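Dear colleague,

I am handing over the structure that we talked about, and below it I have written up what was found in it.

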Amino acid sequence: MLNLIATWFMVGLIWVIQVVHYAMFDGVGTEGFIAYQKRHQFLITFVVGPPMLLEAVSSVLLFWYPPPGVSIATVVAGIVLLALIWGSTAVLQVPCHTKLLDGFEAAIHRRLVRSNWIRTLAWTARGAVVIWMLWQTLLANAGA
C-alpha cells in the first residue's frame, strides 16, 4: 500500500509540474527568475524527496517480498520504470534546472519541459503497474 500511495502521489504531482508549474517558468520574468529558480529547487525537494524515497524503498521490498498473486515480472516492470524516472531526473531534468540557475533561457526551458514528458509518462505507467499489482493481490486473496 505504501508503494501505491507514494507512486500515485508522484503521478499527480508530476502532472501538475508538467502541465502547470514548468509551463509557467517563462512567465516569471528575467529579473526575478534566478531567485525563483533557487527557491523552486530548494522547496520542491521537500515535496518530492520523501515520496520518491518511499517509492524506491517500497519497490525494492516488493521485489524481495512480492504480495500473493503478484508476478515478479510485474514488480520488475515497476522497478524498470522507476529506474527510468530516476535516470531521467539525474541526466536530463537536474542539469536543466542547474543551467536555469544562471538565468532563464528559452532553449533550456523547452528542453526541461520536453524531457520531463519522460518522467510524466513513466510515472503514469508506474501508476498503472501498481494498480495492476493491487488487482492481482485482491484476486489472489479473494481466491484464498
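Predicted model: local features only at pLDDT ≥ 70, side-chain atom pairs only at ≥ 80, totals over all residues.

Let me begin with a question: does Leu-139 count as buried, partly exposed or exposed, and at what relative accessibility? Leu-139 counts as partly exposed, because its relative accessibility is 48%, where buried means under 20% relative accessible area, exposed means over 50%, and partly exposed is what lies in between (with a 1.4 Å probe and protein chains only).

Residues are numbered from 1 along each chain as its sequence is written, and side-chain values use heavy atoms, with hydrogens and water left out.

The overall picture comes next. The chain has four helices and zero strands, and read along the sequence it follows the pattern α-α-α-α; here helices (H or I, at least four residues) and strands (E, at least two) are DSSP runs, numbered from the N terminus. The C-alpha trace spans about 65 × 25 × 20 Å along its principal axes, and of the 144 residues of the chain, 37% count as buried. Among the contacts with a separation of 6 or more, 80% are accounted for by residues 24 or more positions apart, a contact being heavy atoms within 4.5 Å.

Now to the helix pairs. Helix H2 (residues 30–64) and helix H3 (residues 72–100) pack at an angle of about 165°, with their axes 12 Å apart; axes are lines fitted to C-alpha atoms, for helices over the stretch in contact, and angles run from 0 to 180 degrees between N-to-C directions. H2 and H3 are therefore roughly antiparallel to each other, since angles over 145 degrees count as roughly antiparallel, those under 35 as roughly parallel, those from 65 to 115 as roughly perpendicular, and the rest as oblique. The residues making this contact include Phe-33, Met-52 and Glu-55 of H2, and Ile-72, Trp-86 and Leu-100 of H3. By class, the contact of H2 with H3 has 13 nonpolar, six polar and one charged residues, where Ala, Val, Leu, Ile, Met, Phe, Trp, Tyr, Cys and Pro count as nonpolar, Asp, Glu, Lys and Arg as charged, and the others, Gly among them, as polar.

H2 and H4 pack at an angle of about 45°, with their axes 14 Å apart, and that makes H2 oblique to H4. Their contact is made by Met-52, Glu-55, Ser-59 and Leu-62 of H2 and by Trp-123, Arg-126 and Met-133 of H4.

Two of these residues deserve a second look. Glu-55 forms a salt bridge with Arg-126, the closest N and O atoms being 2.7 Å apart, and the count comes to one salt bridge under the rule that a side-chain nitrogen of Lys or Arg is within 4 Å of a carboxyl oxygen of Asp or Glu. The pair links distant parts of the chain, with Glu-55 in helix H2 and Arg-126 in helix H4 (residues 106–143), 71 residues apart. Glu-55 is buried, with a relative accessible area of 0%, and Arg-126 also counts as buried, at 1% relative accessibility.
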